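Colleague: Please take me through this model one feature at a time, giving the general idea and then the case at hand.

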Amino acid sequence: MGAVAKYSKGWIWWFFSLAVAAFVVTAAVLTILHSRRHSHHKVSPVPGPPGAISQKYAQALKVALTFFPIQKAGKLPNDNPIGWRGNSALSDGNDVGADLSRGMYDAGDHIKFGLPMAFTATLLSWGVLEYGDQMDAAHQLGEAQSSIRWITDYLINAHPSSNVLYIQVGNASIDHKCWERPENMNEKRPTLRIDASSPGSDVAAETAAAMASASLVFRNTDSAYSDILIRHAQELFQFADSYRGFYSNSIPSVQAFYNSTGYKDELLWAAAWLYHATHNESYLNYVSVGNGEEFAQWGAAPTWFSWDNKHAGVQVLLSRVHFFGTKTMTSAVRSDVEQYKMTAEAIICALLPHSPTSAPNRTEGGLIWITQWNAIQHSVNSALLALIYSDYLLTSRVENMKCGDNDFTPQDLRKFAFSQVDYILGENPMRMSYLVGFGDNYPKQVHHRGASIPADTSTVYDCNSGYVWFNSKSPNPNVATGALVGGPFQNDSFIDIRSNPMQNEPSTYNSAALVGLLSGLLTTSSVVQSFI
């Protein structure tokens, strides 16, 4: 991917900031007034176990999960389902005496970028924790857990001591000039690290969030592994908080690919996940009375949830504490948790198309659209947040939420989530499924090195000779099943050519969000009130 493609920061919704700020300031008053009014909406019954399964979304979920085995590095398992993939990067980490052979390549290249890889694991884990029953009903829970563990095994080895974290393997500038299969790489793959003298609070905290959330995924099936993950998460959070700084300042070479624009959001994100994983009140205090007012951007215009900016995710995740949290909170903590909930609702109101504070950032076909680089990231992430929040409302028997003077039910939020996923799966002006392998019309020239070069040939294509396949006008010889590509331009158009990474390159974090989204939509079920 080109440098700009990965520099897809969340853009501030400046054009409706006043409306959002007004929403947060007046939300408490509106809630009181609303409680005195009779609404025409009836409370939906809280669903029990998963009900009837939508075969469309179940099939899409199965397809989406196939992308993670495609992205795996290291010695692949004997039951590897991807016939055109083999072992790769077996020597990663040798230069620092660590086994960093596992993990996943982030997109169509072969670099192990720590920040998006950790975010991928966090998103996958969140999906399992909210919708694991639905995944299980669709016979896909094991696949999701396997993908998470392939990443967390790598992250454990990437954290050899309390204040050291290996955050990248491979030279991205060299890698991006090559077009070859990962199995045939012979370029030097240096290992980059952060430590106390070269800090990276953003990537360290995101890795802590990945470890903490994954510890909950494995708590009941492998408690020893879960305990290891918690220990690493706590150490990494302490490291991130004690030695504050941007990892992209400490390691300038990452700025062209995954540049960080802040770390306070990741500190809150990590602390929130550690609170859910441990129920240690110190983490709840950290996100509330300790740092909430300074870090959380309550009342400010929200940003888009992405690998770089976790604020919107933090607001929704901590609203869970408002709906299902402990009754032992002090009044000060409870007040701050309420701020997270109100800001979460401001974010959701901006997403709903008929809300008075609806953001205009969408295509004519209805897709949330923020930037031409990997546009689908923001759509799928926004839909996931709306879906999760709708299920918090439904499970806690909250009838509706207010956007200005208008009422919106949990079903309204779910309808928005459906609109985004249906667009992604082919209900769009191009009649194109942006999920590779789903439906009949999906991208055939995905910007993906391994998919574009034949595996069943005696010819070995190296860094330079592989460009014959990059320049080929033919479809990829290997189908990157489950790849969720970048998606359309704002006019709903899409150009399916390999040299168009802006639209046609997939990423693991795109697919991770889609896994949670599809799992929540394929059937009905209440969410658990505690992850423990």
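**Reading the model**

Modeller: Let us start with G97, which is exposed, with a relative accessible area of 73% (exposed means over 50%, buried under 20%, and partly exposed in between, with a 1.4 Å probe and protein chains only). G97 sits in the loop between α4 (67–71) and β1, where helices (H or I, at least four residues) and strands (E, at least two) are DSSP runs numbered from the N terminus. The model is a predicted one, in which local features need pLDDT of at least 70 and side-chain atom pairs count only at pLDDT 80 or more, while totals for chains, interfaces and linings use all residues. Residues are numbered from 1 along each chain as its sequence is written, and side-chain values use heavy atoms, with hydrogens and water left out.

Colleague: How far apart are the C-alpha atoms of G97 and V316?

Modeller: They are separated by 40 Å, and the two residues lie 219 residues apart along the chain.

Colleague: What is the strand order of the open sheet, and in which sense do its strands pair?

Modeller: In general, strands of a sheet pair through backbone hydrogen bonds, either parallel or antiparallel. Here the open sheet has three strands in the order β1-β2-β3, with antiparallel pairing (two strands pair if DSSP finds at least two bridges between them). Because β1 (112–113) and β3 (191–195) each have a single partner strand, they stand at the edges, and one side of each is left without a neighbour in the sheet.

Colleague: How many bridges join β2 to β3, and which residue of β3 stands opposite V169?

Modeller: Five bridges join β2 (residues 164–169) to β3, and V169 stands opposite T191. Helix α8 (residues 201–217) packs on the sheet and touches both β2 and β3, its direction making about 95° with that of β2.

Colleague: Is β2 mostly covered or mostly open, and how many of its residues are buried?

Modeller: β2 is mostly covered, with six of its six residues buried.

Colleague: How are α12 and α13 packed, in terms of angle and axis distance?

Modeller: Two packed helices are described by the angle between their axes and the distance between the axes. For α12 (residues 264–278) and α13 (residues 281–290) the angle is about 150° and the axes are 8 Å apart; axes are lines fitted to C-alpha atoms, for helices over the stretch in contact, and angles run from 0 to 180 degrees between N-to-C directions. The two helices are therefore roughly antiparallel to each other (under 35 degrees counts as roughly parallel, over 145 as roughly antiparallel, 65 to 115 as roughly perpendicular, and the rest as oblique). Residues L267, L268, A271, A272, L274, Y275 and T278 of α12 meet E281, Y283, L284, Y286 and V287 of α13, contact meaning heavy atoms within 4.5 Å. By class, this contact has ten nonpolar, one polar and one charged residues (Ala, Val, Leu, Ile, Met, Phe, Trp, Tyr, Cys and Pro count as nonpolar, Asp, Glu, Lys and Arg as charged, and the others, Gly among them, as polar).

Colleague: At what angle do α6 and α9 pack, and which residues make the contact?

Modeller: Helix α6 (residues 141–157) and helix α9 (residues 223–242) pack at about 50°, with their axes 11 Å apart, and that angle makes α6 oblique to α9. The contact is made by R149, T152, D153 and I156 of α6 together with Y225, I228, L229 and H232 of α9, and by class it has four nonpolar, two polar and two charged residues.
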